[in-house]
Amino acid sequence: EVQVVESGGGLVQAGGSLRLSCATSGVTANDYTIAWFRQAPGKEREGVSCIWLADGRTTVVDSLKGRFTMSSDYTKNTVYLQMNSLIPEDTAVYYCAAGLVCGMGPDTVWGQGTQVTVSS
């Protein structure tokens, strides 16, 4: 029932910006979080950010604060990840995850991922 679909990835030059979208369905705004994760080549998946849909509160990992921000548009059932000042190290497949605990619980539903490639 719950589904998430990422979009917005692509190739961008270092220093540029990109906005990823996560379209959701079957998600209860009062209960759910939507989290962004990323997985770079040869590395484990890491958490990026999370949003509580009930009130729009967000958290971003310390290493990405100031460059990445998360938001939601409740009229479109869509969550966004705004990525600014991109660097090649940001290259990864970015996933969104719907669940109760920011992608950390067994209830998590994952999207298929969207590739972000940052060239130097």
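Predicted model: local features only at pLDDT ≥ 70, side-chain atom pairs only at ≥ 80, totals over all residues.

Which hand, right or left, does the link of cysteine 22 and cysteine 96 have?

Analyst: The link of cysteine 22 and cysteine 96 is right-handed, with 70° about the S-S bond. Its two ends come from distant parts of the chain: cysteine 22 belongs to strand E3 (residues 18-25), while cysteine 96 belongs to strand E9 (residues 92-99), 74 residues apart. In this disulfide the S to S distance is 2.2 Å, and both cysteine 22 and cysteine 96 are buried.

Now for the wider picture. The count of disulfides comes to two. The other one joins cysteine 50 to cysteine 102, with 2.1 Å from S to S. Here the link is left-handed, at -85° about the S-S bond. Cysteine 50 lies in strand E5 (residues 46-52) and cysteine 102 in the loop between E9 and strand E10 (109-110), so this pair ties together parts that are 52 residues apart in sequence.

Are these two cysteines buried or exposed? Cysteine 50 has 2% relative accessibility, so it counts as buried. Cysteine 102 has a relative accessible area of 15%, and because buried means under 20%, it is buried as well.

Finally, you can see how the links are arranged by counting the bonded cysteines along the chain: the disulfides follow the pattern 1-3, 2-4.

Conventions
Residues numbered from 1 in each chain as written. Heavy atoms only, no water. Disulfide = S-S within 2.5 Å. Helix = DSSP H or I, 4+ residues; strand = E, 2+ residues; numbered from the N terminus. Buried < 20%, exposed > 50% of the residue type's maximum accessible area, 1.4 Å probe, protein only.
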